[in-house]
Amino acid sequence: MSTFETMHEPLAAREVVLGRSTHVRRILPHRRHRMIGAWCFLDHYGPDDVTIDGGMWVPPHPHTGLQTVTWLFEGTGIHTDSLGSHQEIRPGQLNVMTAGRGICHAEVSPPDAPQYLHGVQLWVCLPDEARDATPPAFDHLADLPRLVEPGIELTVFVGELAGCASAAPTYTPLVGAELRMAPGASVNLPLREDFEHGVLAVSEDLIVAGTDLPRHRMSYQGCGRSELAIATSPTSTEESIVLLIGGEPFAEEIVMWWNFIGRSHEEIVEQREAWNEGGFGGRPARFGTVEDFGEKRLLAPVLPTVRLKARGRIG
Ligand code: MN
């Protein structure tokens, strides 16, 4: 149907440098689609050789009003947070941290990490009624529902897809899944028509709904689709990794700045001050402390001179 063609839109990533040398491909927020469902942030990184660049090293930093979803395709990491969590992050296992009113966490590569690190960092915006009412939490789901067919392995980490339902805590209707496809494989995924979706070609070129999707790009699919055909490129000789995210279009306008999500300029000012209080050695009550990091923590940068504006899901 031609109506589907008009909804197919390949979103290109922006190259962003984090810290000194970590290069990431930022897919969301995108200038045309700031969000897909409540998914409001998507960084794709790697595969990076950790023996060269030292791997992941993100010192304690805060979050508000969102959930972080850490998903690895390859490698390992260590998550620690102000709730006292200490969790090894592994491919195929879900780590979801719910910030609520305030939390802080750190992520580092362990000394014995495998050579390559490859993954995505996602954020989910919490709806207004849940963001302050939901207590900070960290959930590790080692056993996720999987659908295995010849040439296909589907892992659902958030929400429900193709009869697989994840137990991850969600606050809006949402889906997140990883698909691994052998060369020559194709699949027709059943979708919820009230969801918009994004399909990221993680490792190889793909064919999504009959259209070429180059590696590292995301195909945006608007609401109204009941199924989606995904096929490997005829030229692929390696496994194709695919990330699917989707959800009910998010109706609220939000202010996203640094690691905070609020609803107004004033709220962000308040959150920034609450985190930066006390400087490097500070132990901010609202966010807690990640023990074992000493005084190392990331302070929030200076706010822009213009007022931050609440914005909706479409650029
Ligand atoms: Mn974080």
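Q: How many bridges join strand E7 to E10, and do they run parallel or antiparallel?
A: Four bridges join E7, residues 77-81, to E10, and the two strands run antiparallel. Bear in mind that this is a predicted model.

Q: Which residue in E10 is the bridge partner of Asp-81?
A: His-105 is the partner of Asp-81.

Q: What sheet do these strands belong to, and in which order?
A: An open sheet of four strands, ordered E5-E10-E7-E8. The pairing is antiparallel.

Q: Which strands sit at the edges?
A: E5 and E8, the latter covering 86-89. Each of these edge strands pairs on one side only.

Q: What about the twist?
A: It averages 20° from one strand to the next.

Q: Switching to the metal. What coordinates the manganese ion?
A: Three histidines: His-61, His-63 and His-105, each through NE2. The distances are 2.1 to 2.2 Å.

Q: What spacing do the donors follow along the chain?
A: The pattern is H-x1-H-x41-H.

Q: Where do His-61 and His-105 sit, then?
A: His-61 is in strand E5, residues 57-63. His-105 is in strand E10, residues 103-108. They are 44 residues apart, so the pair links distant parts of the chain.

Q: Is His-61 buried or exposed, and why?
A: Buried, because its relative accessibility is 6%, and the cut-off for buried is under 20%.

Q: And His-105, buried or exposed?
A: His-105 is buried too, because its relative accessible area is 2%.

Conventions: Residues are numbered from 1 along each chain as its sequence is written. This is a predicted model: local features need pLDDT of at least 70, side-chain atom pairs count only at pLDDT 80 or more; totals for chains, interfaces and linings use all residues. Side-chain values use heavy atoms; hydrogens and water are left out. Donors are N, O and S atoms within 2.8 Å of the metal (3.2 Å for Na, K and Ca); water is not among the atoms, so sites may look incomplete. Buried means under 20% relative accessible area, exposed over 50%, partly exposed in between (1.4 Å probe, protein chains only). Two strands pair if DSSP finds at least two bridges between them. Axes are lines fitted to C-alpha atoms, for helices over the stretch in contact, and angles run from 0 to 180 degrees between N-to-C directions.
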